[in-house]
Amino acid sequence: MSRKKFHETGKSLNYYIRTDTDNKIIYLIFEDSHSLSDWINDFDYCSLSYEHAPYTINAHGGFVKVWLSGNEKVMQELLEQMENNPSYVLIITGWSMGGAFAHLASEEINWRTRSDKSNPDTGKKPLLITYGCPHLLYGKDMKEYFARCTKACYDFGHVRDSFSKLPPESWRFFIVNRIEIGQDDHDSRMPHTSYGEKQLYAQIHINDTYVTTDELSTDEKD
């Protein structure tokens, strides 16, 4: 996907909302790291907290800072599309750093649409699909909570992609659900940039109407 399609807000939070009227899907797509400031934020591992009452969100500090700098604009535009298309499925996706923002956006849209703020089941639950997403949720309680905020979560991580394994789980950083790919891939010298290679998903079978082998290699993840 061309970078020209993305809109920038806040501290380099880049996103794109696409409404697929044929398949009745709203896509919220986040861009990967592409600037020096992005890479600095990637390695800002100190956890930060913010309130989504009655919950306290604890996550990777660099990603939280960027998300909170522009989340209002993203959420306003997304909510407008959802109000105009109330029956559409919501898919939130991103590659690399964009996957981290996709996680944070999935929780936030669920929280904002709840009739009971203490119960994620009363809000809109997006389908979360990410690729090469670094660990960002601080503590297993956050991992469990974010899972409750989504319809389903799939993060595809290449087994040799070191970036997607940072910060390490030994530091208590997690993502919701990692699906390992590339077990038989011995040719890719740059596994973090290989997620568009269709053969990586040949052995992946997911029982979800909106996640198919063909779909996994489309430009929705770029």
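A: In this predicted model, the largest nonpolar core has 39 residues, of which L28, F30, W67 and L78 touch the most other members. A nonpolar core is here a set of buried Ala, Val, Leu, Ile, Met, Phe, Trp, Tyr and Cys residues joined through side-chain atoms within 4.5 Å, where buried means under 20% relative accessible area, exposed over 50% and partly exposed in between, with a 1.4 Å probe and protein chains only. Two or more residues of this core come from each of β2 (13-20), β3 (25-30), β5 (55-60), α2 (61-84), β6 (89-95), α3 (97-112) and α4 (140-148), and α2 gives the most, with 8 residues.

Residues are numbered from 1 along each chain as its sequence is written, and side-chain values use heavy atoms, with hydrogens and water left out. Because the model is predicted, local features need pLDDT of at least 70 and side-chain atom pairs count only at pLDDT 80 or more, while totals for chains, interfaces and linings use all residues.

W67 touches L13, F30, Y50, V74, M75, F101, L104, A105 and E108, leaving aside residues up to four places away in sequence; contact means heavy atoms within 4.5 Å. Ring pairs also link W67 with F30, F63 and F101 into a cluster, where rings of Phe, Tyr and Trp (its six-membered ring) pair if their centres lie within 6.5 Å, and planes under 30 degrees apart count as stacked, over 60 as edge-to-face and the rest as tilted.

β6, one of the contributing strands, has 7 of its 7 residues buried. V89, I91, T93 and W95 are buried on one side of β6, and L90, I92 and G94 are buried on the other, so that both faces are covered. β6 runs parallel to β3, to which 6 bridges join it, with I25 standing opposite V89. Strand β7 (residues 127-131) also runs parallel to β6, through 5 bridges, and there Y131 is the bridge partner of W95; two strands pair if DSSP finds at least two bridges between them. Between β6 and β7 the chain passes through α3, and this β-α-β crossover is right-handed, a term that applies if, with the strands pointing away from the viewer, the path from the first strand over the helix to the second runs clockwise.

Elsewhere, C153 is found in strand β9 (residues 152-158) and counts as buried because its relative accessibility is 10%. C153 touches L128, A147, V176 and N177, again leaving aside residues up to four places away in sequence. C153 and L128 are 25 residues apart in sequence, yet their C-alpha atoms are 4.7 Å apart in space.

F156 and Y201 are both buried. Their ring centres lie 5.6 Å apart with the planes at 80 degrees, so the pair is edge-to-face. This pair links distant parts of the chain, since F156 is in strand β9 and Y201 in the segment after β11 (178-181), 45 residues apart.

For the protein as a whole, with its 4 helices and 11 strands, buried residues make up 54% of the 222 residues.
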